[in-house]
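Hi,

Here is the structure I promised to pass on.

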Amino acid sequence: MAIDVILPDGKTKSLPDGATAMDLATAISPGLAKQVVVAKVDGKVQDVRLPLQAGQKVELLKADTPEGIDTLRHSAEHILATAVRRLYPKTKVTMGPVSHADEFYYDFDAEKPFTPEDLEKIEAEMKKLIAENTEFSMQIVSRTDADQIFSKVGEANEYKTEILDRIPKGERLTLYKNAEFVDLCRGPHVPHA
């Protein structure tokens with residue numbers, strides 16, 4: 001079975017049922033697929049790995065668009081958190097929304113404040129993760145599964161369970177994983193670091 005999606009110029013593109021925006025990019029051009037970081041589907045920004053539905057209007061966005069830049073910054077937050085957790089495993093990751101158009105950050109609950117030397121180590125670890133081109137994987141989970149993941153004995157993160165409690169019932173929950181770091185996150189993220 002095939003689905004037809006609508007491109008920004010009004011033309012349609014036929015794809016197999018279950019195809020994603022990344023599949024659409026690849027079908028148009030493998031070169032385009034290497035540049036696309038996020039998609040706008042029916043006007044809403046979404047991860048390029050989510051399945052498309054018939055009749056949806058799909059715009060493929062590169063890193064030089066505002067949505068692409070936001071996706072890159074959000075992904076950089078997760079690379080930051082992955083690096084911090086590798087170097088300081090007892091550190092708890094809290095939240096990391098973008099505060100300004102040219103920044104990204106995560107709040108951390110660490111045993112001690114980070115020093116300038118720590119920041120140099122964290123930056124070096126981030127560069128290592130990027131060089132490894134680590135994958136961002138996405139998983140849709142139930143509320144029960146998400147709660148169990150962030151309530152594990154020895155790894156419990158009360159900040160994530162608090163965030164989970166604030167998400168309205170019935171809203172889709174997604175986890176994103178980069179290397180060994182897993183976070184409750186709506187995304188979207190780039191496919192690889």
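Let's start with Glu158, which is partly exposed, with a relative accessible area of 39%. Before going further, keep in mind that this is a predicted model.

Glu158 has a charged partner: its side chain meets that of Lys92 in a salt bridge, with 2.7 Å from N to O. This pair links distant parts of the chain, since Lys92 belongs to strand S6 (residues 92–93) and Glu158 to helix H6 (residues 158–166), 66 residues apart. Lys92 is partly exposed as well, at 25% relative accessibility.

Stay in helix H6 for the next pair. Arg166 and Glu162 both sit in this helix, four residues apart, which is about one turn. Their side chains form a salt bridge too, at 3.3 Å from N to O. How exposed is Arg166? Its relative accessibility is 52%, so Arg166 counts as exposed, because the cut-off for that word is over 50%. Glu162, at 45%, counts as partly exposed.

Salt bridges that share partners can also build a network: here one joins Arg86, Glu125, Glu132 and Glu180. Within it, Arg86 bridges to Glu180, and their closest N and O atoms are 2.6 Å apart. Arg86 is in helix H3 (residues 66–87), while Glu180 is in the loop between strand S9 (173–178) and strand S10 (181–184), so the pair links distant parts of the chain, 94 residues apart. Both are partly exposed: Arg86 has a relative accessible area of 28%, and Glu180 comes in at 46%.

Now for a residue in another setting. Is Asp47 buried or exposed? Asp47 counts as buried, because its relative accessibility is 2% and the cut-off for buried is under 20%. You'll find Asp47 in the loop between strand S4 (44–46) and strand S5 (58–62).

What does Asp47 touch, leaving out residues up to four places away in sequence? The answer is Met138, Tyr176, Pro188 and His189. The side chain of Asp47 makes a polar contact of 2.7 Å with the side chain of Tyr176. The Asp47 side chain also reaches the backbone nitrogen of His189, at 3.4 Å.

Happy to go through any of this with you on screen.

Cheers

Key: Residues numbered from 1 in each chain as written. Predicted model: local features only at pLDDT ≥ 70, side-chain atom pairs only at ≥ 80, totals over all residues. Heavy atoms only, no water. Salt bridge = Lys/Arg side-chain N within 4 Å of Asp/Glu carboxyl O. Helix = DSSP H or I, 4+ residues; strand = E, 2+ residues; numbered from the N terminus. Buried < 20%, exposed > 50% of the residue type's maximum accessible area, 1.4 Å probe, protein only. Polar contact = N/O pair within 3.5 Å; in protein donor to acceptor, adjacent residues only side chain to side chain. Contact = heavy atoms within 4.5 Å.
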